[in-house]
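Hello,

Here is the structure I promised to pass on to you. Have a look at it first, and then read on for what turned up in it.

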Amino acid sequence: MHVLLRCDAGGASGFGHLVRCLALAEEAVARGHRVSVEGDIAGDLALAQVAAAGARRGPAPEADVVHTDSYRPDWAYPDGVLRSCAADGPFGRRPADLLVDQTLGAQDEPAPPGGVALLGSRYVALRRRVLAHRDPARRPAAQVRSVLVVLGGTDPLGLAPAVSRLVRRAAPSARIAVVANARTRAELEQLPGPVRVLDPVADLAAVMIEHDLVVSAAGTATWELACLRVPMLLVRAVANQAAGYQRMLDRGAALGLGTAADLDSAAALEAVRRAVSDAQLRRSMVERAAALVDGLGSWRVVGAWEALLQAHARRPDPPRLTAPPTGRLTARPATAADAELLWRWRNDPGTRAMSRQRGEVQLADHLAWLRDSLGRPDRLLLVVEDGGSPVGTVRWDRLAGQGWQVSITVDPGRRGQGLGAAVLAAGEVALRAKDPTGPRLAGVHETNEASYRLFLRAGYLPDLPPDRDGFRRLRKS
C-alpha cells in the first residue's frame with residue numbers, strides 16, 4: 001500500500017494537521033507501507049519531522065490511499081484511489097470514502113452521508129514519541145511548582161505572552177516555561193519572575209511531562225496531554241477548536257480560559273488559581289482525560305485503510321451459490337425448541353476450530369446455557385431462516401459501555417454457499433429493533449481469513465489488535 005498524506009503546516013492551526021499526518025505516517029511505515037507527504041510544509045522543524053517519520057516529500061501519482069488533512073477547499077482527489085479525509089467537525093470535511101473526525105463526542109452527532117466514518121476520540125492519532133512517554137501510573141504532583149505554556153507547535157497567534165502574564169498573576173511563585181516563536185521571544189524574556197523561554201521542539205511530550213500543569217491551545221496537544229496524564233488548562237485559540245474545547249470542559253477533563261479575548265478576565269484568573277491550588281481537581285481531570293485516549297487511534301485509521309482496500313479487492317475465485325437462498329433471510333428469536341439444532345451446530349468441528357472454547361459441549365450443559373440465554377436482557381439469540389428452514393444462528397452479547405458483540409454460525413451443511421453475509425445481515429436487522437444505534441463488534445481469530453473478509457465487506461473495521469488467544473476485534477458504528 002502506498003499512502004499519500006496531504007496537509008498544510010502553515011496558518012493558525014496548520015502544525016496540528018502535520019502532527020496528525022505524521023502519526024499516521026509512522027504507523028503506516030511501521031506496517032511496511034510506503035508514505036509520501038505533500039503540501040505547504042516549510043521550516044527546518046517540520047521538514048525534519050517528515051523525514052524522521054519515514055515519509056518522503058512530494059506527490060505520489062501511484063498512491064493507493066490519499067488522505068487529506070487540510071481546510072483548503074481546492075484539493076481534489078485523483079481517480080482510482082481510496083479517498084480519506086480528516087476533519088474537525090465541519091472544518092475540512094469533504095466527500096470521501098473514509099472520514100476521520102477525532103473531535104471528542106463526534107460519535108454522538110449525526111453521521112455524515114456517504115462513505116465510512118470514524119468518529120470520536122478513539123481515533124486520535126498520536127505520534128510514537130508521545131506514546132513512548134505514556135505512563136499509566138503517572139499521578140499529578142501534590143503541588144504545582146512548574147507550569148508549561150504551549151499555544152500550538154509554534155504559537156502562530158502570539159498568545160504566549162498574555163497567557164504567561166495570567167499564570168504569573170495566579171501563581172506568583174511557580175516556575176514558568178514557555179514555547180516561543182521569533183515574534184514573542186523578546187516580550188517573554190521581559191516577564192517578571194522565573195520564566196524559561198523555549199524554542200519549538202520536536203519532542204514536545206518530553207517537555208510536557210516535566211511540568212506539573214500545562215496551559216495549551218485546545219488542539220492536537222489536548223490529546224497528547226490526555227495520553228500523558230498531565231493536568232491541563234485550555235485556550236480556545238481558533239474557531240475549529242470550539243467543540244472539542246467545550247466537550248473537554250463538560251467531561252471534567254480540563255479547565256478552560258476561554259478565547260484570546262478572555263485571557264485578562266476574572267474568570268480566567270480564577271481558573272488558573274483553581275488548577276494550581278486544588279490537587280484533587282487535578283487528579284480528577286487527569287483520570288477523566290486519560291479515559292478518552294487509548295493510544296490506538298493511528299493503528300485504527302491505518303487498519304481501516306488496509307481493510308477497505310482488502311474488502312473491495314477483487315477475489316480470484318468468488319464462491320458459487322450451489323443452493324441459493326429462496327429469498328431474503330429472516331431472523332427470529334431462538335426458543336427452547338431449537339436446543340438440539342443449536343447444539344449440533346455448536347459441536348461441529350469446523351465451528352469449534354474457530355471458537356474461543358474449542359471443546360465439545362455436553363447436551364445438559366447446552367440446555368442450561370440456552371435457558372439462561374433466553375432470559376438475559378444483555379443477550380439476543382437468533383435463528384436465521386431461509387423460507388422457514390434454519391440456515392444459521394446469530395448471537396449478540398452486550399458489552400457494557402462498548403456495544404454489541406456478534407457471533408455467527410452457518411449450518412455446516414450449507415457452508416461454501418456464500419450464506420455468511422446474508423446470515424449476518426439478517427442478525428443486524430433483528431438487533432436494530434432492540435438497539436438502533438449502538439456499535440457492533442466482532443471477534444475474529446487471526447487465522448480465520450474467510451470470516452475476517454466477511455466482516456470487512458459488511459462494514460466492520462479493525463478496532464483492537466489480536467489478544468493473547470489470537471482474536472482481533474472489529475467494530476461497525
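Two strands count as paired here if DSSP finds at least two bridges between them. With that in mind, glutamine 405 stands opposite leucine 441 in β18. The strands concerned are β17 (residues 403-410) and β18 (residues 440-445), which run parallel and are joined by three bridges. Please keep in mind throughout that this is a predicted model.

The β17-β18 pair belongs to an open sheet of seven strands, in the order β14-β15-β16-β17-β18-β20-β19, and the pairing in this sheet is mixed. At its edges lie β14 (330-333) and β19 (461-464), each of which pairs on one side only. On average, neighbouring strands of the sheet are turned by 35° against each other, direction ignored.

Now to the start of the chain. Strand β1 (residues 2-7) runs parallel to β2, and five bridges join the two. Within that pairing, valine 3 stands opposite valine 35 in β2. Strand β2 also pairs with strand β3 (residues 56-57), again in parallel, through two bridges. There, serine 36 stands opposite arginine 56 in β3. From β2 the chain crosses through helix α2 (residues 44-52) to β3, and this β-α-β crossover is right-handed.

Is strand β2 largely enclosed or open to the outside? Four of the five residues in β2 (residues 34-38) are buried, so the rest of the structure largely encloses this strand. Helix α4 (residues 160-170) can be described in the same terms: eight of its 11 residues are buried, so α4 is largely enclosed by the rest of the structure. The buried residues of α4 are Ala160, Pro161, Val163, Ser164, Leu166, Val167, Arg168 and Ala170.

In soluble globular proteins, nonpolar side chains tend to be buried together. The largest nonpolar core in this model has 58 residues, and Leu18, Trp305, Trp396 and Phe455 are those with the most contacts inside it. Helix α1 (residues 14-30) supplies the largest share of this core, with nine residues. A second, separate core of 34 residues includes Val163, Ala180, Leu213 and Leu257.

Leaving aside neighbours within four places in sequence, tryptophan 396 is in contact with Asp378, Arg379, Leu380, Leu382, Trp404, Gln405, Val406, Gly427, Glu428, Leu431, Arg440 and Tyr460. Gln405 in that list is the residue that stands opposite leucine 441 in β18.

Threonine 68 is another residue to look at. Its place is in strand β4 (residues 65-69). Why does threonine 68 count as buried? Its relative accessibility is 0%, and buried means under 20%. Beyond its neighbours within four places in sequence, threonine 68 is in contact with Arg6, Trp75, Tyr77, Ser84, Cys85, Ala86 and Arg94.

Last, the charged pairs. Side chains of opposite charge can pair when their charged atoms come close. A search of the whole structure finds 32 salt bridges, including these:

- Aspartate 74 and arginine 72 form a salt bridge, with their closest N and O atoms 3.1 Å apart. Aspartate 74 is exposed, at 53% relative accessible area, while arginine 72 is partly exposed at 29%.
- Aspartate 97 meets arginine 83 through their side chains, at 3.2 Å from N to O. This pair links distant parts of the chain, 14 residues apart: aspartate 97 is in the loop between β5 (82-86) and β6 (98-101), and arginine 83 is in strand β5. Aspartate 97 is partly exposed, with 26% relative accessibility, and arginine 83 is also partly exposed, with 28%.
- Arginine 185 and glutamate 189 meet in a salt bridge at 3.3 Å, N to O. Arginine 185 is partly exposed at 25% relative accessible area, and glutamate 189 is partly exposed at 46%.

There is also a network of salt bridges, which links Arg122, Asp294, Arg300, Asp463 and Arg473.

Key
Residues are numbered from 1 along each chain as its sequence is written. This is a predicted model: local features need pLDDT of at least 70, side-chain atom pairs count only at pLDDT 80 or more; totals for chains, interfaces and linings use all residues. Side-chain values use heavy atoms; hydrogens and water are left out. Buried means under 20% relative accessible area, exposed over 50%, partly exposed in between (1.4 Å probe, protein chains only). A crossover is right-handed if, with the strands pointing away from the viewer, the path from the first strand over the helix to the second runs clockwise. A salt bridge is a side-chain nitrogen of Lys or Arg within 4 Å of a carboxyl oxygen of Asp or Glu. Axes are lines fitted to C-alpha atoms, for helices over the stretch in contact, and angles run from 0 to 180 degrees between N-to-C directions. Contact means heavy atoms within 4.5 Å. A nonpolar core is a set of buried Ala, Val, Leu, Ile, Met, Phe, Trp, Tyr and Cys residues joined through side-chain atoms within 4.5 Å.
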